Amino acid sequence: MTIPDVHDAAVQRANEALRTYTLSGEGWRHGPGETLRQVLTDLLHWCDDTQRDFDAALERARIRHADESGRAGTS
């Protein structure tokens, strides 16, 4: 996959996940920013329950995003 393909696939997956929240009982009343906050909050709760390190996962995700965006090693 080329970088634009990786980006487009990632955006599509994110849209699908956020759409699930948007279509939930509470979600339809919230804008995209609030929906994103809710997803992140739920993931924090999930990390608590499964003893995952959210901050470490977020840092790894930032690194992967930089690699996929062609921005690895830039500040």
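User: Is Arg37 buried, exposed or partly exposed?
Analyst: Arg37 counts as partly exposed, at 49% relative accessibility. Bear in mind that this is a predicted model.

User: What does the Arg37 side chain meet in a salt bridge?
Analyst: Glu34. The two side chains meet at 3.1 Å, N to O. The cut-off for a salt bridge is 4 Å, so the pair qualifies.

User: How far apart are Arg37 and Glu34 in helix 2?
Analyst: They are 3 residues apart, so about one helical turn separates them. An α-helix has 3.6 residues a turn, so residues three or four places apart point the same way.

User: And why would such side chains pair at all?
Analyst: Side chains of opposite charge can pair when their charged atoms come close.

User: Glu34, then: buried or exposed, or in between?
Analyst: In between. Glu34 has 29% relative accessibility, so it counts as partly exposed.

User: How many salt bridges does the count come to?
Analyst: The count comes to 1 salt bridge.

User: Let's stay on helix 2. Where does it run?
Analyst: Helix 2 covers residues 32-50.

User: What span should its 19 residues have, and what do the end C-alpha atoms give?
Analyst: At 1.5 Å a residue, helix 2 should span 27 Å. Its end C-alpha atoms are 27 Å apart, so the two agree.

User: Which residues of helix 2 are buried?
Analyst: Thr35, Val39 and Cys47 are buried in helix 2. Looking down the helix axis, the buried residues fall within an arc of 120°, so they line one face.

User: What do those buried residues pack against?
Analyst: The buried residues of helix 2 pack against helix 1 and helix 3.

User: And which exposed residues sit on the face turned away from the buried side?
Analyst: Asp48 and Asp49. Both are exposed, on the face of helix 2 turned away from its buried side.

User: Which residues form the nonpolar patch on the surface?
Analyst: Leu36, Leu40 and Leu43 form it. Together they have about 230 Å² of accessible area.

User: Take Leu40. Where is it, and what is its relative accessibility?
Analyst: Leu40 lies in helix 2. Its relative accessibility is 36%, so it counts as partly exposed. A patch residue needs over 30%, so Leu40 clears that cut-off.

User: What comes just after helix 2?
Analyst: Gln51, with a positive phi of about 55°. That is a positive value in a residue other than glycine. Gln51 lies in the loop between helix 2 and helix 3, and helix 3 covers 54-69.

User: Gln51: buried or exposed?
Analyst: Exposed. Its relative accessible area is 74%.

User: Switching to His7. Where does it sit?
Analyst: His7 is in helix 1, which covers residues 3-22. With a relative accessible area of 48%, His7 is partly exposed.

User: How far is His7 from Glu68, in sequence and in space?
Analyst: They are 61 residues apart in sequence. In space their C-alpha atoms are 7.2 Å apart.

User: Zoom out. How many helices and strands are there?
Analyst: The protein chain has 3 helices and 0 strands. Along the sequence the pattern reads α-α-α.

User: What share of the chain counts as buried?
Analyst: Of the 75 residues, 11% count as buried.

Key: Residues numbered from 1 in each chain as written. Predicted model: local features only at pLDDT ≥ 70, side-chain atom pairs only at ≥ 80, totals over all residues. Heavy atoms only, no water. Helix = DSSP H or I, 4+ residues; strand = E, 2+ residues; numbered from the N terminus. Buried < 20%, exposed > 50% of the residue type's maximum accessible area, 1.4 Å probe, protein only. Patch = residues over 30% accessible without salt bridge, like charges linked within 9 Å, V, L, I, M, F, W, Y side chains within 5 Å. Areas by Shrake-Rupley, 256 points an atom, 1.4 Å probe, with all protein chains shown as cover. Expected span 1.5 Å × (residues − 1). Arc of directions from axis to C-beta. Contact = heavy atoms within 4.5 Å.
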